[in-house]
Structure formats: structure tokens, C-alpha cells
Amino acid sequence: MDQANHSEQQREELDRFHAILSLLESRLSKAKRDSEEKMAGLSDIRRDEFTERQEPLLRNLWAAHRFEDLVHLSQEFQNAADEEKDHESALQLIAALKKMAASPYFARIDLKFDEDEPAERVYIGRHSLWDDEKDNLLIYDWRAPMASVFYRFGTGPAWYTAPMGKITCEMLLKRQFEIQDGKLLGFFDADTVIQDSFLRRLLAQNASSQMKSIVETIQKDQDVAIRDEDHELLMVQGAAGSGKTSIAMHRAAYLMYEGLKNPLKAHNILILSPNTVFEKYISGVLPELGESSVRTATLEELLEEKLGLPVQSRAERWEALCGTNARNSIFRYKMSREFLTLLDRYAEALPGLLPYADLDYAGTLLSSRQEQRAWAMEHGSSFPLAVRLRRLEAHVWERVHALRPARFNDLRMKAFHLGHGEEWARGCSIWESGVLARHMRRVTRLDIPGLYANLLNDPALLRSLGRGLNLPASLSWEPSPDAPLPLEDAAAMAYLHMKLNFGESSGDIRQVVVDEAQDYGAADWAVLNLLFPKARFTVVGDVFQALDHDAEISIYEDIASILNRKSSALLELTKSFRCTKEILEFSLQFLPDTRIHSLNRSGSVPQCLTDERLLDEIAACRAQGYESIALITKTRRDAEKWQTKLEETIHLPILGRNAQLGDVFLAPLSLSKGLEFDAVLVLDCDAAHYSQPGDKRLLYVACTRALHRLALFAEKEFSPLIRREVPHA
């Protein structure tokens with residue numbers, strides 16, 4: 001582009017930008033006026049007057065039978081509520097217009113659909129903007145079908161999928177803008193090289209305490225995942241820093257887009273996060289994209305809701321597993337598909353295994369153990385076992401009710417001969433019914449923890465149900481009243497509970513987003529399948545980042561099999577956008593041969609230093625202007641030791657309690673997953689902490705949290721798993 005032509009285009013873009021700002025400012029002024037008018041309608045004086053009139057009316061309403069006054073008062077309540085809602089909507093509109101004025105759009109594409117027609121200019125932003133006077137769409141929402149051309153193609157032939165089908169076109173221009181705080185700083189006509197340069201410049205910025213949206217820099221394969229509507233189960237396997245979580249969040253925003261045929265509402269989506277620290281980290285993405293926040297939860301919270309018992313968190317599980325090889329082998333088995341098969345066999349066999357006993361009432365046999373077993377195994381077998389047992393219980397009580405009048409007469413006669421009154425007879429009748437109820441409920445009310453313990457603590461039963469399965473040598477479980485349920489045991493119990501009862505599914509949920517999928521076991525997926533039978537799933541993870549067990553790419557086959565949706569797809573992301581080239585190459589020494597590669601953003605070479613250099617390295621990171629410096633430890637116990645060790649020199653809060661992202665802090669490995677920091681200092685990199693083959697994954701996770709700077713520390717000797725110098729390409 002020659003200088004004169006470029007200057008002309010600069011003037012043209014600047015004129016249009018100012019016109020957009022003028023329109024937004026006009027709408028913002030109108031929104032503020034409307035808000036002020038609505039606020040006037042909710043003035044304190046009016047509220048006080050309303051209160052003065054309603055209180056005496058409410059006091060005397062029913063005494064005077066003043067129904068008409070009640071109707072009038074109800075209408076006034078509704079009017080006030082409507083005005084309050086309108087005012088809140090006005091405030092939300094003002095906030096949205098302010099954000100839009102700060103950065104109304106970020107891209108422009110010129111598309112030619114017909115040889116005889118001029119090219120159509122399409123400006124793309126976070127939100128759409130309609131010109132009412134000219135009946136023209138000035139800015140397209142990034143989620144609009146046409147906007148996908150920007151993310152997926154360079155100049156030349158292109159296409160996108162619209163409600164009426166596939167639309168072909170030619171992209172004549174692909175332009176990206178830099179707009180900050182309501183100022184157009186510049187623009188460039190994008191090709192791959194320039195776009196990568198723009199992306200590298202964005203990634204060179206410091207980490208934020210909350211995840212940011214990536215609408216300006218969504219890559220082609222990311223856009224494919226975000227917009228996928230063909231599959232009920234979409235799985236994404238992505239390298240550390242490949243944008244998996246960003247994809248999940250932007251996909252949620254896309255599915256809420258009003259331009260879709262059946263857009264979802266916030267209450268239709270559930271995001272499952274690994275921990276509450278991560279929940280807070282991602283909490284700002286959807287509001288930044290103009291959508292209301294959806295419900296987020298952890299798996300343990302769902303299990304607690306289902307079981308009514310406290311459940312161990314993932315971080316607590318990691319702490320308990322570290323250094324306990326015996327429990328690790330049992331834990332890994334409980335995460336397996338084989339264990340789920342064992343639970344299915346147990347649920348199927350349970351009708352024949354319950355502790356049936358003859359039930360009698362006042363010397364009359366109500367139900368024999370044989371009859372109860374037959375009822376549980378055959379009567380209404382299409383219903384869950386718990387339902388069959390409740391029906392059995394109702395059947396027994398019908399017999400009791402038929403016998404009760406005669407029995408009560410016997411008790412009254414006995415009371416008369418003993419010199420007691422009728423109340424004595426009534427008390428005896430109640431006592432007899434209570435004894436019968438307790439005996440009956442030992443069979444008809446399923447004690448899930450007790451049944452689970454019976455399975456794992458009965459070697460003969462395990463051998464019988466485990467034929468053809470590779471059972472571990474020891475598979476016992478004892479409940480501890482003072483400790484929360486281990487997460488893997490809670491999942492197994494919840495699965496049994498739901499298999500033996502009606503599913504009690506959450507029907508409003510139509511999309512479940514699961515992050516850190518590699519940390520879920522087979523029973524976890526089975527529980528989610530029963531909880532959300534009608535939902536579609538978006539599942540993102542990285543098999544190389546499983547902390548507490550080995551995970552292979554085959555886990556996605558298990559996920560697809562257990563969730564059993566009509567259509568599923570697995571996408572693989574191999575480019576990391578987080579780390580510098582040097583950090584990623586250093587981190588890849590801990591993985592088997594992979595296809596992971598970086599954006600080629602350069603930085604300093606990772607260092608291996610002794611502990612005595614730690615404070616110097618912290619000072620160097622601060623001198624570089626890094627705002628987020630994470631000292632990553634293997635466990636929380638290790639973090640607490642370092643906190644005590646350095647408390648007289650430097651204040652180091654521990655992530656998860658009182659630390660904020662954007663400071664110097666200690667971060668246990670289990671809580672740092674999914675997060676990113678300007679600088680990462682990995683502590684205790686010695687053989688005592690990292691010596692097993694599985695520890696390579698832990699080092700990979702720790703090192704790939706770093707955006708700009710990485711250093712590893714040991715008191716003296718480093719772990720043999722670490723090559724201190726890695727050749728760079």
C-alpha cells in the first residue's frame with residue numbers, strides 16, 4: 001500500500017470510528033437520561049409515602065375484609081418491582097455502552113458475494129450495533145456466522161455456515177484494529193505473519209488476576225471448537241497454554257448468542273471447575289463478553305448435594321495421595337472403567353444380596369424373607385431397586401393396617417386386666433409399629449455408604465462379582481466420621497445411589513462444560529451422565545497434566561462411551577500460546593515425544609538455581625515489572641514449610657486462602673493448574689520430591705504456568721529427572 005493510499009484509508013477509518021463513537025455517545029446520553037427518570041420514580045420520598053400507606057393497610061386488612069385494598073396494594077408492589085427491574089436494565093445498558101465506546105470493534109473484513117455487487121464491509125466487535133435511522137448493522141457480534149470468516153480464512157476464497165446453509169464468498173480485505181480507551185491507535189491489514197506478531201505483542205503483557213476474553217485473537221482451530229453445534233459431545237485435548245479453558249468459556253458465550261436458533265440462557269449452562277481458586281479466575285470472562293455469569297461448581301460440590309455428606313476436594317485428595325504408594329494403586333483402580341463395571345455388577349446383584357428377614361406383627365407373619373427377595377428381584381423390575389423396596393414397604397403396611405383394629409382391641413383388653421388405661425394400649429401399639437418400621441427399613445431403606453462398605457470389605461463378594469476383572473489385592477474401605485469422604489469413593493457412592501434410585505436429574509441444564517477432564521475417573525463421568533441425561537457436553541483437558549494418575553489419550557474413548565451421546569468429536573490443539581519458546585522447550589523434556597509447539601515468542605532461558613539464590617530471583621522478577629510471581633511447591637505442606645522458613649525475610653501468602661493473583665505468593669501445584677503467572681519459581685526440585693516417572697508430569701505442569709520467566713530451585717542436588725540445559729532449536 002503506497003503512502004497516499006494508506007493516508008486516505010487512515011482518514012476514512014478515523015472518520016468512521018468517530019461516527020461510531022458519536023452514535024454510542026448519543027445512546028449513552030439517552031440511556032443516562034432514561035436511568036435518571038426511572039430513578040426519580042423510585043425516590044426515597046415515594047418509597048417513604050408508600051411505606052406509610054401500606055403498613056396500616058396490612059395491619060387492618062383482614063379484620064376489615066378489604067379485599068379490594070389488597071388487590072390495589074399487590075398492584076403497587078408489582079409496579080414498584082417492575083420499575084426497579086427497568087432501572088437495573090438501564091444501568092446494565094449504560095455499563096455495556098461504556099465498554100463498547102472504549103473499544104467498539106477490533107476487525108474489519110470486506111466480503112464479495114457477487115461479481116456484479118460491491119464488496120460488503122463487515123466490522124466485528126464484542127457486541128453488535130444497529131443503526132436505527134439507516135436500518136443498517138454497523139458492527140457484527142463476533143459470534144455472528146459471518147464473523148467466522150475472520151477467524152478461519154486469509155484473503156481469498158472463503159465460506160461460512162448460515163441458517164440457510166453454506167455461504168461462499170471472497171475476502172478482499174482482512175484488517176485488525178488497535179483501539180484502547182476510546183482511541184483508535186492504528187490498524188493493519190492482517191496476514192499470518194502480522195497476526196502472529198500482533199498476538200505475540202499481546203502475550204508479552206503481564207498476567208491478569210482474572211482470565212481475559214480472547215475474541216481478538218481466536219485461532220482457526222479454536223473457532224471451530226467454539227462454534228461447533230453438530231456434536232452432542234465435544235472433547236478438546238490441548239497442550240498447556242493452548243487456550244482450552246478460553247475455548248470453553250467463549251463456547252458458553254457463543255451458545256448464549258441470540259442469533260442462534262435455540263440460544264441457551266445462563267441457567268441452562270453449568271461449568272465444572274477443578275477448584276474455587278480457578279472458579280474465581282474464570283469468573284470475569286462471560287461478563288466481559290456481555291453475558292451473565294453461569295453457574296460454576298466443583299465435582300465435590302455436586303457429590304455433596306447428592307449424598308448429603310462432606311466430600312474431599314481435589315487439592316485435599318492430592319495432599320493425601322502424595323507419598324502413599326499403597327493408596328495410590330487403590331485410588332487408580334477406583335478411577336478405572338473396570339471399577340465402574342464392578343459397581344454396575346453390584347447394583348444388578350443387590351436385590352438378591354440384601355439382609356432380608358421375616359417380618360411379623362403381633363404374631364402374624366406379614367412378609368417372609370423369600371417373599372421380600374422375590375418382590376425386590378421381580379416385582380416392577382423396570383423400576384429402580386429403591387422404588388421396588390418402597391412399594392414392598394407400602395404393601396407390608398397395608399397388611400398392618402388391616403390387622404391393627406383387632407390388635408388394638410387385644411391391647412385394650414390387656415390394659416384393662418393390668419389396670420391400665422387406653423393410653424397404655426395406644427402407646428404399646430405405637431411401640432410395636434416403631435419396632436416393625438426399624439426392622440423393615442433395614443431392607444427397604446438403602447444405606448449407600450453401608451452397601452459400598454459391604455462391597456469393598458467382603459472378599460468373597462468381590463471375587464464373585466469380579467470374575468474376569470483385574471481386582472487389586474486390597475480393596476477395603478472404612479468410613480471415618482471425622483473426615484470427608486475421599487473424592488473417588490464419593491463418586492462411586494453417588495453412582496450407586498443414582499442407579500438404585502430415580503436419577504433426580506437436573507433437567508434445566510442443557511450444556512455442561514467440564515475443565516481438567518483428565519482428572520475425572522469413570523465413576524465421575526457416570527455420575528455426570530445420570531445427573532444431566534439431556535445435556536450436551538463440552539469437555540476440555542490435557543492427558544499430560546494429570547497429577548495423581550496416569551492418563552492416556554484413550555480416556556476420551558472412555559468418556560465418549562460412558563456419556564454415550566449420539567454424536568461426538570475429539571479436537572486436538574498442539575500450539576501453546578502461553579510460554580515463551582525457551583520455556584516450552586525446557587518443559588517438553590518432561591514429556592514423551594509430542595507434537596506440541598510454541599508461537600515462537602522469545603524470552604530468557606530457564607535457570608536451575610540453588611535455594612540461596614531465591615530472594616535474588618524474586619528481586620530480579622520484580623525489577624522486570626512482573627506482577628504475578630508464583631513460587632510453586634509440590635504440596636500445601638511444602639508451601640507451609642517455605643512460608644515458615646522465609647517469614648522473617650519476606651511475606652509469602654499461600655494461594656487458596658489469602659493470596660491474590662498479582663503478587664508474590666506460594667502456590668501448591670494442585671491449585672496452580674489452569675492458571676498462568678508472569679514468573680514461576682519451582683521449589684524443592686530435588687530427588688526427594690521428584691524421582692518417580694510420574695513426577696515428570698508434575699514438573700511439566702509447574703513449568704508451563706510461566707508466561708515470561710522460569711527458574712527451578714533445589715537446596716543442593718537437582719532431581720535426575722531434570723536436564724539443567726536443554727538444547728534450543
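Helices (H or I, at least four residues) and strands (E, at least two) are DSSP runs, numbered from the N terminus. The model treated here is predicted: local features need pLDDT of at least 70, side-chain atom pairs count only at pLDDT 80 or more, and totals for chains, interfaces and linings use all residues. Residues are numbered from 1 along each chain as its sequence is written, and side-chain values use heavy atoms, with hydrogens and water left out.

**Exercise 1. The protein as a whole**

Task: State how many helices and strands the protein has, and what percentage of its residues count as buried.

Solution: 
- Step 1. The protein holds 26 helices and 22 strands.
- Step 2. Buried means under 20% relative accessible area, exposed over 50%, and partly exposed in between (1.4 Å probe, protein chains only).
- Step 3. By this criterion, 50% of the 729 residues are buried.
- Step 4. Contact means heavy atoms within 4.5 Å. Among contacts between residues at least 6 apart in sequence, 71% join residues at least 24 apart.

**Exercise 2. Helix α10 and its end**

Task: Determine where the buried residues of α10 lie around the helix, and what they pack against.

Solution: 
- Step 1. Helix α10 covers residues 299-307, and its buried residues are L299, E300, L302, L303, K306 and L307.
- Step 2. Seen down the axis of α10, these buried residues fall within an arc of 155°, so they line one face of the helix. The arc is that of the directions from the helix axis to the C-beta atoms.
- Step 3. Their packing partners are β9 (269-272), β10 (295-297), α11, α19 (487-500) and α20 (522-531).
- Step 4. Just after α10 comes G308, with a positive phi of about 70°.

**Exercise 3. Helix α13**

Task: Compare the span of α13 with the expected value, and list its buried residues.

Solution: 
- Step 1. The expected span of a helix is 1.5 Å times one less than its number of residues.
- Step 2. Helix α13 (residues 337-349) has 13 residues and reaches 19 Å from its first C-alpha to its last, close to the 18 Å expected.
- Step 3. F339, L340, L342, L343, Y346 and A347 are the buried residues of α13.
- Step 4. Viewed along the axis of α13, they lie within an arc of 155°, so they line one face of the helix.

**Exercise 4. A453**

Task: Find the helix that contains A453, and the C-alpha distance from A453 to W477.

Solution: 
- Step 1. A453 belongs to helix α17 (residues 448-457).
- Step 2. Its relative accessibility is 12%, so A453 counts as buried.
- Step 3. Between A453 and W477 there are 5.8 Å in space, C-alpha to C-alpha, although the two are 24 residues apart in sequence.
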